[in-house]
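Trainee: I would like to learn how to read a ligand site and a helix packing. Could we start with the site?

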Amino acid sequence: MSHLLVTGGAGFIGANFVHYWRQHHPQDSVTVLDALTYAGNRANLAGANSVQLVEGDIRDTPLIEGLLRDHAIDTIVHFAAESHVDRSIHGPAAFVETNVIGTMNLLTAARAVWLADGGKPHRFHHVSTDEVYGTLGPNDPPFNETTAYAPNSPYSASKAASDHLVRAWHHTYGLQVTTSNCSNNYGPYQFPEKLIPLFLINALHGRPLPIYGDGMQIRDWLHVEDHCRGIEAVLHHGRVGETYCIGGGAELPNITVIDTLCAAVDAAFAADPALAARFPEAPAARGIPTASLKTTVADRPGHDRRYAIDETRARAEIGYAPARDFKTGFAATLAWYLANEPWWRGVLDGSYRNWVETNYAAR
Ligand code: NAD
Ligand code: DAU
């Protein structure tokens, strides 16, 4: 039996991980530490039984040391972060505070508690991103664990710094760490500022779909449940001190993702007349193609052109392979958002409109 502390467990991937872990490892205890920023929501954990949510900040070292001791934590799965690239461009300081200082605090607390008494078995798993490797040209080989770090945004620079700190706490102090660097996640509970949920909810409200630049940037789309399986594989089979790249095997230009989304929304409205009554502002409610909302806007400053993952190490060492192709994963995600309107209305709570308007105003 393990005792997990999941930081950022009320956010998108963290909450999916908590649900996954409750389902697959019901014998383990799970404590969530989350500051409940705009991106963290109690509603994301609804239905996750026997999970204790502690509202708190990863920069609060005494709080973390207390949790590690009182809950006999032996495994930290560290998701907590500021995660949105556009926000990092507008306000980098919060990214350094949480992603760099916060990670250092967690490491410091883990060292103080876990290594003080001779080092009981423990694991600090750090969840990171492929963005630390920078950007690829069209013919470059995909990122792997030996690719040089070259972060291009304040977000990816802060994540790169956190990766280095995790590595240093292993080499210097002997903390038992692993790191995973994964590609773009999608699926349930993703806050509607990221491409897929933002465009979907804009489409339902007849708002423009703001395509940055030429829309030919490439991402490798990873269904969040596959990511959770990948982290599970690292926790169970990964080598301490190692990093593992986790991808979805679905390299797609943004425009393809957007066209898939538009066509899927049109098909959903055609198949279910009740959707027109629920979302009368959607063009699809009047038989107008959702693609009519596509709007080219100024490109994101420093926009990385292409990400791709070579997951050879994860496949060979820990038996990881993505189970969902993009078509299936996307269809399930669209169905989830249509079936969970109260969830996204609840988490938006006005901030979506503000964010969209601020974002447009800045361009
Ligand atoms: P998210 O923004 O949806 O959730 C982040 C969570 O962290 C929120 O619940 C928030 O309240 C919490 N948090 C923020 N600051 C905190 C603090 N100071 N103390 C405690 N909690 C705090 O992010 P996500 O998309 O779920 O990403 C989770 C992790 O995975 C991040 O580390 C991110 O860098 C990484 N990652 C994300 C993706 C992706 O596609 N979303 C891909 C690769 C890596
Ligand atoms: O690669 C992993 C990363 O994926 C994670 O580390 C980040 O936390 C996560 O946010 C994500 O970063 P991206 O910047 O790739 O994701 P985002 O959803 O913001 O954008 C995906 C692509 O879509 C990107 O090329 C920018 C583009 N885009 C995005 C938005 C929000 C648009 O064209 N228009 C938009 O309005």
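Trainee: How far does a polar side-chain atom of H303 lie from an oxygen atom of ligand 2?

Mentor: A polar contact is a pair of N or O atoms within 3.5 Å. In this predicted model, the distance for H303 is 2.7 Å. T129 also places a polar side-chain atom 2.7 Å from a ligand 2 oxygen, and for N184 the value is 2.8 Å.

Trainee: How much of ligand 2 does the protein bury?

Mentor: Accessible areas come from the Shrake-Rupley method with a 1.4 Å probe. Ligand 2 alone exposes 680 Å², of which 95% is buried by the protein.

Trainee: Which residues come nearest to ligand 2?

Mentor: A residue counts as near if one of its heavy atoms lies within 4 Å. There are 24 residues around ligand 2, and S83, T129, D130, Y155 and R300 come nearest. The shell holds nine nonpolar, eight polar and seven charged residues, with Gly classed as polar and Tyr and Cys as nonpolar.

Trainee: How are two packed helices described?

Mentor: By the angle between their axes and the distance between the axes. Axes are lines fitted to C-alpha atoms over the stretch in contact, with angles from 0 to 180 degrees between N-to-C directions; helices are DSSP runs (H or I) of at least four residues. Helix 1 (residues 12-24) and helix 7 (residues 224-237) pack at about 65 degrees, axes 9 Å apart.

Trainee: What are the conventions?

Mentor: Local features need pLDDT of at least 70 and side-chain atom pairs 80 or more, while totals for chains, interfaces and linings use all residues. Residues are numbered from 1 along each chain as written, chains are lettered from A and ligands numbered from 1 in written order, and side-chain values use heavy atoms, without hydrogens and water.

Note on methods:
Helix = DSSP H or I, 4+ residues; strand = E, 2+ residues; numbered from the N terminus. Polar contact = N/O pair within 3.5 Å; in protein donor to acceptor, adjacent residues only side chain to side chain.
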